[in-house]
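Student: I am new to this structure. Could you show me how to read its features, one at a time?

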Protein chains: 2
Amino acid sequence: MKLAIVGLGLMGGSFALDFRCIYPKSKIYGLDISKKNEKHALELELIDELIELEDISIADVVLVSVPVDISLIIIPKILNFVNKETLVFDVGSTKELICKELLDHPKRKNFLAVHPMAGTEFSGPNAAVKGLYFNKTNIICEIDKTSKKISRKALKIFQLLNMDILYMDSKSHDIHVAYVSHLSHISSFMLGKTVIEKEKNEKNIFNLAGSGFESTVRLAKSSPETWTPIFLQNKKNLVLAIEEYILNLNNLKQIIEDNNRSSLHSILNNTNRIKEILTNTKVENEK
Amino acid sequence: MKLAIVGLGLMGGSFALDFRCIYPKSKIYGLDISKKNEKHALELELIDELIELEDISIADVVLVSVPVDISLIIIPKILNFVNKETLVFDVGSTKELICKELLDHPKRKNFLAVHPMAGTEFSGPNAAVKGLYFNKTNIICEIDKTSKKISRKALKIFQLLNMDILYMDSKSHDIHVAYVSHLSHISSFMLGKTVIEKEKNEKNIFNLAGSGFESTVRLAKSSPETWTPIFLQNKKNLVLAIEEYILNLNNLKQIIEDNNRSSLHSILNNTNRIKEILTNTKVENEK
């Protein structure tokens with residue numbers, strides 16, 4: 001199997017490692033806009049060889065793992081180059097716009113819109129980790145627009161990675177991830193910003209910070225190159241999510257100001273349900 | 001050494017385990033308002049024996065690990081019972097009010113106001129873990145109000161636990177923790193609330209949730225009994241912190257609505273500094 005990876009960062013590099021694990025005899029090509037990333041990906045043996053975009057037709061599978069604004073430009077180009085049998089899939093965190101962009105592309109049937117719920121707060125080929133894709137939830141959007149033969153090829157790979165597939169239309173996908181993924185990043189980035197602004201003496205931040213702060217602020221370490229275009233592409237849903245979040249924050253602030261102990265306790269208590277929700281569905285997924 | 005623990009939850013139970021580790025021959029007494037907690041603490045061998053508040057004078061050291069509103073009532077009572085040599089310290093997350101309450105207590109010199117930057121999102125004696133206190137930052141407030149002899153006793157314990165001591169007045173303490181601890185909890189609780197409200201079909205929450213959401217929402221699992229009184233006691237500082245957080249969220253929302261790519265990128269990029277801040281101070285602390 002010949003895999004070509006366009007974009008050799010965390011997602012692309014980690015996919016190389018996991019793909020090698022399920023297809024040990026595969027040949028992995030790669031390219032990146034950054035020469036440094038290409039060099040590191042070769043040194044780390046994530047990829048076997050560099051490739052030019054024009055030569056990508058030699059690949060059986062093409063993974064596009066670039067920022068979602070670049071995807072809009074590069075995926076149509078890649079589709080122009082590939083042959084009839086090639087699977088091209090992306091792993092971007094937004095799906096509505098890319099699906100819309102490709103709607104009338106003559107090779108739309110070669111493309112599968114994919115969003116694995118996997119990642120870390122680190123970036124670049126050095127951040128690549130084995131096992132990032134294994135056992136994760138994988139959202140596939142609008143699979144009916146992909147040819148049966150090509151989607152079967154993709155599903156085989158995801159099955160070998162033991163991923164849980166969730167089918168969704170691209171609009172619903174973008175609404176859901178606005179809440180469970182993009183809003184988490186916003187809340188974490190703004191927590192980091194608020195605390196940095198307050199604590200002019202930076203040393204105090206960590207000295208006083210327990211593991212709670214570190215875990216809540218973890219996503220604020222994420223790459224601006226990745227997240228700027230995600231936030232902008234999902235603007236419509238994300239702005240609503242932020243507004244609901246601010247409403248809840250304002251409401252809680254008022255309850256605290258009013259010394260309303262019973263309302264405060266009841267809100268915290270109801271929100272504790274997140275514990276059971278996450279545990280139950282986890283157990284169910286592990287069955 | 002005889003230790004009495006008032007409040008046998010996560011903090012008290014974990015302290016029992018760590019105290020036993022540094023003083024293997026110690027005798028540990030305990031009491032809790034909940035008979036179930038007392039029973040569990042005995043079964044888990046966190047404590048050797050139950051004790052009545054009236055008999056607490058037999059202890060050399062008394063740890064008060066109860067919700068901060070209960071501390072205000074129970075610490076003055078405990079101080080009434082203890083003898084001249086006994087160290088009484090709390091581990092509450094707010095310090096201004098308890099220090100104010102005890103200002104004129106005839107046994108103020110026996111009390112040390114302590115806040116270890118340690119904890120987990122779990123609660124109760126079953127949540128007790130070994131090593132919770134080891135190597136953590138420990139804030140001590142207004143040590144000059146404690147007798148030298150008694151504070152030396154406390155410092156010896158904290159030294160054996162290899163804790164980093166940070167001295168602070170109680171007002172500064174409450175301001176700082178409003179940002180690096182209490183606001184994290186608020187942001188996490190409200191993220192959980194917003195997502196639960198949106199995702200009526202709860203199963204979707206976890207199916208779509210990557211490790212990013214789980215880490216950001218972790219603190220929303222925390223105990224309402226512990227956190228309701230903390231938020232209320234630190235109202236003055238916390239309301240300001242929430243307002244600054246909301247200001248940053250509103251500002252970011254506007255930037256996203258305006259499609260202002262460069263401002264958005266620059267805010268995310270500047271906030272990435274949290275990475276270096278946390279790493280550098282960590283390295284420094286580990287020296």
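Tutor: Start with the idea of a contact: two residues are in contact if their C-beta atoms, placed from the backbone, lie within 7 Å. Keep in mind that this is a predicted model.

Student: How many residues does the contact take from chain A and from chain B?

Tutor: The contact takes 81 residues from chain A and 81 residues from chain B.

Student: Which helices of chain A supply at least two residues each of the side that touches chain B?

Tutor: They are H6 (170-198), H7 (203-208), H8 (211-216), H9, H10 (235-257), H11 (261-271) and H12 (273-286) of chain A. H6(A) gives the largest share, 20 residues. By class, the side of chain A that touches chain B has 40 nonpolar, 25 polar and 16 charged residues.

Student: What rotation superposes chain A on chain B?

Tutor: A rotation of 180°, with 0.0 Å of shift along its axis, superposes chain A on chain B with an RMSD of 0.0 Å. The two copies are therefore related as by a two-fold rotation axis. In chain A, the C-alpha nearest the axis belongs to A:Thr216, at 2.2 Å from it. Both copies use the same surface, as 100% of the contact residues of chain A recur in chain B.

Student: Next, helix packing. What describes two packed helices?

Tutor: Two packed helices are described by the angle between their axes and the distance between the axes. Take H9 (residues 224-233) of chain A and H11 (residues 261-271) of chain B: they pack at an angle of about 135°, with their axes 9 Å apart. That angle makes H9(A) oblique to H11(B). The crossing of H9(A) with H11(B) is right-handed.

Student: Which residues meet where H9(A) packs on H11(B)?

Tutor: From H9(A) come A:Pro224, A:Trp227, A:Thr228, A:Phe231 and A:Leu232, and from H11(B) come B:Arg261, B:Leu264, B:His265, B:Leu268 and B:Asn269. The residues of this contact divide into 6 nonpolar, 3 polar and 1 charged.

Student: At what angle do the axes of H6(A) and H11(B) cross?

Tutor: Their axes cross at roughly 65° and come within 9 Å. Angles of 65 to 115 degrees count as roughly perpendicular, and H6(A) and H11(B) are therefore roughly perpendicular to each other. The crossing of H6(A) and H11(B) is left-handed. Here A:Phe189, A:Gly192, A:Lys193 and A:Ile196 of H6(A) meet B:Ile267, B:Leu268 and B:Thr271 of H11(B). The contact of H6(A) with H11(B) has 4 nonpolar, 2 polar and 1 charged residues.

Student: Now a pair inside one chain. How do H6(B) and H10(B) pack?

Tutor: H6(B) and H10 (residues 235-257) of chain B pack at an angle of about 60°, with their axes 9 Å apart. That makes H6(B) oblique to H10(B). H6(B) passes H10(B) in a right-handed crossing. The residues making the contact include B:Tyr179 and B:His182 of H6(B), and B:Asn237 and B:Ala241 of H10(B). By class, the contact of H6(B) with H10(B) has 9 nonpolar, 3 polar and 1 charged residues.

Student: Let me look at one residue. Is B:Tyr179 buried or exposed?

Tutor: A residue counts as buried if 20 or more other C-beta atoms lie within 10 Å of its own. B:Tyr179 has 27 C-beta neighbours inside 10 Å, so B:Tyr179 counts as buried. B:Tyr179 is found in helix H6 (residues 170-198) of chain B.

Student: With which residues is B:Tyr179 in contact, leaving aside its neighbours within four places in sequence?

Tutor: B:Tyr179 is in contact with A:Thr194, A:Val195, A:Lys198, A:Glu199 and B:Ala241. In sequence, B:Tyr179 and B:Asn237 are 58 residues apart, while their C-alpha atoms are 8.4 Å apart in space.

Student: Last, the backbone angle phi. What is the phi of A:Asn259?

Tutor: A:Asn259 has a positive phi of about 55°, although it is not a glycine. A:Asn259 lies in the loop between H10 and H11 of chain A. A:Asn259 counts as exposed because it has 10 C-beta neighbours inside 10 Å.

Student: And where is B:Asn162 found?

Tutor: B:Asn162 is in the loop between helix H5 (148-160) and strand S8 (164-168) of chain B. Phi of B:Asn162 is near 55°, a positive value in a residue other than glycine. With 11 other C-beta atoms within 10 Å, B:Asn162 is exposed.

Note on methods
Residues are numbered from 1 along each chain as its sequence is written. Chains are lettered from A and ligands numbered from 1 in the order in which they are written. This is a predicted model: local features need pLDDT of at least 70, side-chain atom pairs count only at pLDDT 80 or more; totals for chains, interfaces and linings use all residues. Axes are lines fitted to C-alpha atoms, for helices over the stretch in contact, and angles run from 0 to 180 degrees between N-to-C directions. Helices (H or I, at least four residues) and strands (E, at least two) are DSSP runs, numbered from the N terminus. Angles under 35 degrees count as roughly parallel, over 145 as roughly antiparallel, 65 to 115 as roughly perpendicular and the rest as oblique. A crossing is left-handed if the near helix is turned anticlockwise from the far one by less than a right angle, and right-handed if clockwise. Ala, Val, Leu, Ile, Met, Phe, Trp, Tyr, Cys and Pro count as nonpolar, Asp, Glu, Lys and Arg as charged, and the others, Gly among them, as polar. Copies are superposed by least squares on the C-alpha atoms of residues with pLDDT of at least 70 in both. A residue is buried if 20 or more other C-beta atoms lie within 10 Å of its own, exposed if 12 or fewer, and partly exposed in between; C-beta atoms are placed from the backbone.
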